[in-house]
Each structure stands twice: as structure tokens, then as C-alpha cells.
Amino acid sequence: MWAYESVFYQIYPLGFCGAPFENDGVLTHRIQKVNDWIPHIQKLGANAVYFSPLFESDTHGYNTRDYTKIDTRLGTNADFKEVCDNLHAAGIKVVLDGVFNHVGRGFWAFQDVLEKRWDSPYKDWFHISFDGNSNYNDGLWYEGWEGNYDLVKLNLHNEDVIAHLFSCIKGWIDEFDIDGLRLDVAYCLDHDFIRRLRAYCDTLKPDFFLVGEVVHGDYNQIMNDTMLHSVTNYECYKGLYSSFNSMNMFEINHSLLRQFGPDNWTLYKGKHLLSFVDNHDVTRVASILSNEAHLPLIYAMQFGMPGIPCVYYGSEWGAKARKEDGDPALRACFDAPEWTTLTDFISRLVAAKKSSEALNYGDFRSVLLTNKQSIFERKSANERVLVAINADSESFTAHFDASCGTAVDLLTGETHDFGGGSTLPPYSAAFWKMEH
């Protein structure tokens, strides 16, 4: 599967393009802005783009009106086809947000129900009771997602709903040649629906990638051979920043051992979870870390640990935004990409990750662990890499059995000699590829 050897770049199109929050119905070709950023994405080294919602919606994209039409605020289907063609020509895969759990109140079939009530052929597309009333005083009650009644829950047991969604996915592949889907709130989706979705997508395009948004619980429930290829690694998301802020590397190490370690009870050994340090729903990493010197190091940890790394647009140069200032603050419009020392460092992490069998497929083993230092091994059939991180302001000399004399740092190209101990400079990271 191509995704297991990829690095993702996430774009939230409505924010990225500076679209108005409310759908004003004015056709504006904003999505073409992505074309201008392709050289930046290539320079960074990311080889897959995950687009948050970009189909016609009421406001933020997750309240869909029409799954077949690019949002008017972003442009036309032809505009987005050009973007996809340009990304593919640059060797970059395209993954879209599949928002299948719910739609917006402006969704055409729900509007038909509001108008025709019992006589609507779409009344069974939703969970509706004509005996109640809604927060919007519709004269009928319906189920909303987690109590949000601007998000109308779809009935995924209805064959017509399933047929409609599947036809839209086929349309996206036919029209835009997309390479996969990220399933919104996958933890809410009916498991039979996910199985059918996987089976259907497998018939449409080889190696079509399915990754689900999952916050908690046992990821294996929906990440397996008949359902999703991957899920979001929210467990380690918290552990990543918390370990640095509390200067307790034991926290993230505990999560990684639990998920990928050498013991038989390890949960996800051999699986490829989507790893991230921030995204469109959480505070940007540069705002959540208490010590800015840790910013490159948290990315080194993310790229060194098992998983498929995803970088959120803007965060690669240290853009800041806090969740408490509202979701739109997290989904900013930047005039142009920036290239800083952080961006440059991440580009080296990207190159190391993509070119390393051990970083893509290797097992996880903790080698040395203190509150402020972590050294762990990623070992595959043909390669062994040690990831060494020193989060302290002081240098640290690590003594351990490397089982070989020298290594090459994948980040700098320099040779490292393990003789007499390995000195880690302050606030440093190294990816040592072991030599025989």
C-alpha cells in the first residue's frame, strides 16, 4: 500500500483559500490557489495531500449539501480536476474527506423532506420522527450528530443512501482520480457500512486508501483486513506534546510500547496509524508546546515512531493558533508558504522517512529512556534505525549497546561512532541508520 511509505500534507480548503464561513453562493475560483503551493509541497517532500471537506456545504464543509459538486466558494469541479491533475503530475496522491455520517440541513434530500414531509421519498434517508419537533422548529424531529442539529445524521442502513454515497465515490474517482478517503467520525459509522465501503472501493481502484478518524477505543475494531487500512493515532497525539511539556518521555514511550512494542499483547504491531502533532480540530503544535526549542523534536518523534506522518499546512513553519479562539482560527488563510529552519528540518525528516524501510515498516523497541531523553529502535528485515532525541537544554551522553560500531545519521549524512558513548547535543534529534 502506497500510503505506508508516504508523508501526508493536510489542507483545510475553505480556510486555506480564505472562503467566507457562510456559503454565500458566489462562485469564486479559490481552489486554484493549491496549484501555487505544489512546489512548496514538493520541496517539503510530502507525496500525498489530504483535503478536508470541499464539497458544497452550508458552512464549514462537514454539513454537506451536495456530494457531487465542489463548493461554490472554492470553484468548479473543473477547477479541482485541474488541481488533482497537477498534484498527480507532481507525484502527489490525493485523499478526500468522506463525510458520510451526516449531512447539512441544506442537503437536497433533507430539504425535500422538510418540504414534502411524509410524501418525500427520502424520509427514510434520515432518523426522523414526525411526532416531534426540532431546535429549528421544523415540526418534525431528527437525529443530529452528537446533539448538533445542523448535522443531520444519515441512515446508513438504508440501501438508497448507501447506493448514493457509493455512486459519489465512484464519481470522485472517475472525475478527479482520487487515491483514497479519510472517513470523518469513523468511530460513529456503522461497521457493516464500513465493510461494504471497503469491499466496494477495492473494486474501483487498486490500493485505494481508507483512513478513519478515531479518537479513542480499540482501533482494531475498524482497522483490519476487511475495513479500514488506517486510523488517526489520537492516543499518541496527546502523548507527544504532553511528554515534552511535562518533560516526561516515559508517557509517549508507554503509548508506543502499548501500541507497537515487542510484547505479544501489543495492539497494533504491523499496522500503520496516521500520526500527527496537530490538525484542523486542535491547537497548533507551536502554540501548545511550552518550549519552542522542542518544536523540531516533536516532529522528529512523530516521524521516527511507527505510523504515517501527516503535516498540517502552516505548521511546518511554526504557525500558531489556539483551539479556544475557535475553529476558524485553526484553519487560517496564508498568503504564501514560508520556509524556515523548522521547514527545512521537517523536509529532512520527510526524506529520511520515505527512504527508510525501517522507518516505514520496522518494529518498535525502547533502547534508552530518561525523563528528557529517548532512544528507540525501528527494525525491519533489512534495516535498523535508532531514533535518538534529547529534549534537555544540556548535552547528554548515552551509553547503550548499539550492536554495531558506526551509523549514518539519515538527517545529516554524517557518520556516528558509538565507541565511548553517544553524546546528544542540547535539543537534538538523530536518525542513526546502523552499519554492519
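Domain bounds here come from an automatic or database domain assignment. By that assignment, the protein chain divides into domain 1 (2-360) and domain 2 (361-434). The model is predicted: local features need pLDDT of at least 70, side-chain atom pairs count only at pLDDT 80 or more, and totals for chains, interfaces and linings use all residues. Residues are numbered from 1 along each chain as its sequence is written, and side-chain values use heavy atoms, with hydrogens and water left out.

**The two domains**

Colour the two domains separately; their centres, taken over C-alpha atoms, are 33 Å apart. Next, select the contact (heavy atoms within 4.5 Å): domain 1 contributes 34 residues and domain 2 contributes 30 residues.

About 2700 Å² is buried between the domains, 66% of it from carbon and sulfur atoms; buried area is the accessible area (1.4 Å probe) that two parts lose on being put together, summed over both.

On the side of domain 1 that touches domain 2, select helices H8 (249-260), H10 (295-304), H12 (341-355) and H13 (357-361), which each give two or more residues. H8 gives the most, with six residues. Helices (H or I, at least four residues) and strands (E, at least two) are DSSP runs, numbered from the N terminus.

**The open sheet**

Now select the three strands of the antiparallel open sheet, ordered S6-S10-S9; two strands pair if DSSP finds at least two bridges between them. S6 (102-104) and S9 (144-145) are the edge strands, each with a single partner strand, so one side of each lacks a neighbour in the sheet. Three bridges join S6 to the antiparallel S10 (residues 148-153). Finish at valine 103, which stands opposite valine 152 in S10.
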